[in-house]
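Hi everyone, thanks for coming. Let's take a friendly walk through one structure together, so please have a look at the screen.

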Amino acid sequence: MIYEIADLRVFLDNRYPFTTKFCKAYEAEDQSVPAQITASVLPEELEEERTLSPGFSDGYIENICLYRSLCLQIPAFDRMLMHAAILEYDGSGYAFLGKSGTGKSTHTGLWLQYLGGRIVNGDKPILSFSDREVYAYGTPWMGKEGRGCKAKTPLKALCFLEQAKENKIRRLSASETTSRLFNQLLIPTEEQAAIKTLELADALIQRIPAYLLSCDISEEAVKTSYEALTGKEYKPKGENL
Amino acid sequence: MKIKKGFVVRNVGGECVVVPVGAMSKTFHGMINLNETGNFLWEFFSADHTVEEGVAALCAEYDVEESVARNDVQRFADILLQNGFAEE
C-alpha cells in the first residue's frame, strides 16, 4: 500500500496487518502513481528490534522498523526525523525538545490548556526544508500518547526543555544548539544520507532560533515560553472571551 | 598514524562535527565535536603522517610552542588510536 507521508509517496512493505491499520489515515488516494520511497524491513532488523522492545507484537515491532527504514531514506528528499513535540499555535509551529521525561508532553499540554492550539506530532515529526520554510509534519508515528494530526506547520522556533524550580528562558547560541540537537536526530549510517542530514541540521540551526526553557508545571511556564517564542504578550484564552 | 575510513566531517552550527558511517558506525555510535586544532589535525591525519610531522604542521599553521604542540598532537593521536578511529 502507498501512503502520503510528509508530502512523499511512500510504499510500506509490511507483512503484518498492524501497519495497515496504523497508517490508514495516510493512505494515498491514487495507488497507481508510483512511490518515491519503499520502506521495508529485513528479518535481522526485526530480530534486533525485538530484543530492544521485548513483549511487543511482531506487527508493532515491524511498524517501528518501517518508520526507521523510511526515515533513513528521506534525507535525499531534503527531510529528516527529529525527536520533538510539535505544537501549532496561530499558524506557526514550535518544536519542544528534550530527553524522555523532561516534560515535553506536560509543557505542551499546559500550553493547549491555557492558550489553545494543536499538537501536530507529539514525538517523531519529519522536517522538510524548502527555500522559504522548514515544515514539521504529522505522521502516523507520533509517540505512545498518539497526539498529532495529519498536517504540516511552518516551524518558527526550537525550544529545549529542562525541569527547574524557577521559570526562565534564554536564546541558545548555534554551538549550544548543535550539541543539544544531535541527541534528537536520527543520523543515517549510509554516507550520502549522513552528509545530507548534517547539512539539514546546519540549515535548521541557521534558520530557526533555538531557546532553552527551564520550567516547572505552572501557568507561568507557559507564559515564559509563549512570550519568548512568539514575541507577543501573553493572553490566556479565557481572557479573550 | 592514519585516520580510518568511515567518517564524515561537516560544519554544523559553526561546530566541526564528525559522525561514523558504514562499518565504522557499527563499532562507534555517536558524534565527535572537534575544536579548531582538532579539525586541523583530523584533516592532517586523514593522510598517513607521523606524530612528529603533525607537530611540525601544527607549529607551521599556528603560533604555538613546539612542546605544547607535541603534547596536543600526542594526546589527539592517543585518543584516536585508543578508540580505534585511527591506525598506526
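Before we start, keep in mind that this is a predicted model.

Let's begin with one pair of residues. In strand β3(A), the residue that bridges to A:Leu12 is A:Ala39. That pair brings us to two strands: β2 of chain A, residues 8-12, runs parallel to β3(A), and 3 bridges join them.

Next, the domains. Chain A is divided into domain 1, covering 2-77, and domain 2, covering 79-240. Their contact takes 17 residues from domain 1 of chain A and 19 residues from domain 2 of chain A.

How much area is buried between domain 1 and domain 2 of chain A? About 1900 Å², with carbon and sulfur atoms giving 66% of it. On the domain 1 side, A:Tyr26, A:Tyr67 and A:Pro75 supply 36% of the area buried against domain 2 of chain A, more than any other three residues.

There is also 1 salt bridge between the two domains of chain A. A:Asp7 forms a salt bridge with A:Lys152, with the closest N and O atoms 3.0 Å apart. And our helix returns here: α3(A) gives 5 residues, the largest share of the side of domain 1 that touches domain 2 of chain A.

Conventions: Residues numbered from 1 in each chain as written. Chains lettered and ligands numbered in written order. Predicted model: local features only at pLDDT ≥ 70, side-chain atom pairs only at ≥ 80, totals over all residues. Heavy atoms only, no water. Pairing = 2+ DSSP bridges. Helix = DSSP H or I, 4+ residues; strand = E, 2+ residues; numbered from the N terminus. Domains from an automatic or database assignment. Contact = heavy atoms within 4.5 Å. Buried area = accessible area lost by both parts, 1.4 Å probe. Salt bridge = Lys/Arg side-chain N within 4 Å of Asp/Glu carboxyl O.
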